[in-house]
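Work through the exercises below with the sequence and the model open. Each task is followed by a solution in steps.

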Amino acid sequence: MLKALLIDPSRFQRSVIESIFRRRDVEVDMADGAVAGLQALAQGGYNILCFSLELGDMRGPEFYREVRRRRLAEGVPALMLAATPDKRVFDDAIAAGVTECFPKARLDELEQYIGQWERRSNRRLSGRVLLVEDSDTAAQFCSEVMERLGLEVSRYRTAEEAIATLPHEDYRIVVTDFVLEGLQTGLSVIRAVRALPGRKAELPILALSALDNVARRVEILRAGANDFVTKPVVAEELAARLGNLLTLRMLFEQLAAQHELVKEMAVRDALTSLHNRHHLMAEMPRLLLAARENEQPLTLVVIDVDHFKRINDHHGHTRGDEVLVAVARLLAEAASDEQLLVRYGGEEFVCVLLGATPAQAEDDADRLRERIASAYPAGIEVTASFGLATLRPGETFDQLFSRADEALYEAKRSGRNCVVSADSLF
Ligand SMILES: Nc1nc2c(ncn2[C@@H]2O[C@H](COP(=O)(O)OP(=O)(O)OP(=O)(O)O)[C@@H](O)[C@H]2O)c(=O)[nH]1
């Protein structure tokens, strides 16, 4: 549970501000002046500090300078409240290291800050961290911070050992020191991550670096680290930077997943869930090339439900939709993995057969025709007509499609519920 220290000489003011923290389930300790506040802070365990400009025995900025001099609240946000906001006083407080100043008349701003701070502080992270750190003390400190956040830690002393695990481990983030046991440095770890195949190369990397070595920090960032934490590591800073990197990563993954979904929706038919015409057009160049290179026959089958307008007119559009869904299911059940089946539009479907001889393709089509005719999709007697054309040398997709379409027209003309091959027309 988060814990706040609240310092104000007025009992009334304390109770007002205390209620803001309590609404966020933050435990509150209170002190009525600077000296009592310093004593409480010395006990440790606070996650946020909130005090007034006028503390009775000291002014706020002076009090906070003393807190910092004694290193009593490192990495803990410090908020100062003033009854009469004055720019010079606020500037002085910020110069003393105070995180934010709020006028007491604008407690809604304080409440908003506390809300965001509480959400950030209680954020639970998940996943495995690759920690590359040769110092046992630093590794233990970092591991404790990360485990408190909900992360699992795999720690290695050398770049060589850590790099060897990269291909088969599913890390969420990499945290690496620069100087390591072994011959290689943290730079090798960073480069190895960035050279991983696919999305793994985008793993967030947080480097640990000494504060005084600017050139090295620049080198680390150029090699592909996303951020760094200066050593000695401050727990709150490490937690905040890890949180930011993982949140960014999560948002990026959500965006990538949405992008995939939109891409998939663009090539799927919403009614039947079959692929659509866009997918056929995108896939055809590959299939035509495969047929030519492997000298395999490729047959295009155009399937059109007979008198579908009548079905709509007699049974209603909704039943018409049900017929289309049921016919699509029959076709999908019959299609093998190598065959490409799409809803081309309206009541028309297209199937591409690769490898079947023209005679086999005709037999397959006739079996399908029979299945549709005997299936009574959506409880209605339904038939379909089939037009086939097998790819000729040098033929384009448009030419192939137009021959299959002519064969379909012939099937309709000859009474429907039949299969016609373009090769039999001339
Ligand atoms: N229920 C439903 N009807 C559709 C859909 N898409 C197209 N249609 C209808 O399908 C009918 C197709 O009619 P036509 O092109 O005249 O063909 P047909 O009645 O099947 O006649 P033939 O093809 O000559 O056997 C039209 O009435 C369209 O409104 C759909 O998604 N759902």
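## Exercise 1. A helix pair

Task: State which residues of helix 13 meet which residues of helix 14, and describe the crossing.

Solution. Val-327, Leu-330, Leu-331 and Ala-334 of helix 13 are in contact with Leu-368, Arg-371, Ile-372 and Ala-375 of helix 14. Sorted by class, this contact consists of 7 nonpolar residues, no polar ones and 1 charged residue. Next, take the geometry: the axes of helix 13 (residues 317–334) and helix 14 (residues 358–375) come within 11 Å and cross at roughly 145°. The hand of this crossing is right-handed. The spacing of the contact positions can be read against a general rule: an α-helix has 3.6 residues a turn, so residues three or four places apart point the same way.

## Exercise 2. The whole chain

Task: Say how many helices and strands the protein has, and what share of its residues is buried.

Solution. The model is a predicted one. Its secondary structure comprises 15 helices and 16 strands. Of the 426 residues, 32% count as buried. For the contacts, consider those with a separation of 6 or more: residues 24 or more positions apart account for 63% of them.

## Exercise 3. Helices 10 and 6

Task: Compare the span of helix 10 with the expected value, then find what its buried residues pack against.

Solution. Helix 10 (residues 235–266) contains 32 residues. From first C-alpha to last it reaches 46 Å, close to the 46 Å expected at 1.5 Å a residue. Its buried residues are Leu-238, Ala-239, Leu-242, Leu-245 and Leu-246. They pack against helix 6 (136–148), strand 8 (173–177), strand 9 (205–210) and strand 10 (227–231).

With 13 residues, helix 6 reaches 18 Å, close to the 18 Å expected at 1.5 Å a residue. Just after helix 6, Gly-150 has a positive phi of about 105°.

## Exercise 4. The ligand shell

Task: Determine which residues come nearest to the ligand and which element supplies the largest share of the shell.

Solution. There are 16 residues around the ligand, and Asp-306, Phe-308, Lys-309, Gly-320 and Gly-346 come nearest. Now assign the shell to elements. Strand 12 (298–305), helix 12 (308–315) and helix 13 each supply at least two residues. The largest share, 4 residues, comes from helix 13. By class, the shell divides into 4 nonpolar, 5 polar and 7 charged residues.

## Exercise 5. Two residues and their surroundings

Solution. Begin with Thr-390, which lies in strand 15 (residues 384–390).

Turn to Gln-184, in the loop between strand 8 and helix 8 (186–194). Thr-158 is 26 residues from Gln-184 in sequence and 7.4 Å from it in space, C-alpha to C-alpha.

## Exercise 6. Backbone exceptions

Task: Locate the cis peptide bond and give the phi of Asp-25 and of Ser-273.

Solution. Most residues other than glycine have a negative phi, and most peptide bonds are trans. The cis bond joins Lys-231 and Pro-232, with omega about 0°. Pro-232 sits in the loop between strand 10 and helix 10.

Asp-25 has a positive phi, near 60°. Its place is the loop between helix 1 (11–23) and strand 2 (27–31). With 10 other C-beta atoms within 10 Å, Asp-25 is exposed.

For Ser-273, phi is positive at about 70°, although Ser-273 is not a glycine. Ser-273 lies in the loop between helix 10 and strand 11 (275–276). Ser-273 has 12 C-beta neighbours inside 10 Å, so it counts as exposed.

Methods. Residues are numbered from 1 along each chain as its sequence is written. This is a predicted model: local features need pLDDT of at least 70, side-chain atom pairs count only at pLDDT 80 or more; totals for chains, interfaces and linings use all residues. Axes are lines fitted to C-alpha atoms, for helices over the stretch in contact, and angles run from 0 to 180 degrees between N-to-C directions. A crossing is left-handed if the near helix is turned anticlockwise from the far one by less than a right angle, and right-handed if clockwise. Two residues are in contact if their C-beta atoms, placed from the backbone, lie within 7 Å. Ala, Val, Leu, Ile, Met, Phe, Trp, Tyr, Cys and Pro count as nonpolar, Asp, Glu, Lys and Arg as charged, and the others, Gly among them, as polar. The expected span of a helix is 1.5 Å times one less than its number of residues. A residue is buried if 20 or more other C-beta atoms lie within 10 Å of its own, exposed if 12 or fewer, and partly exposed in between; C-beta atoms are placed from the backbone. A residue is near a molecule or strand if its C-beta atom, placed from the backbone, lies within 6 Å of it.
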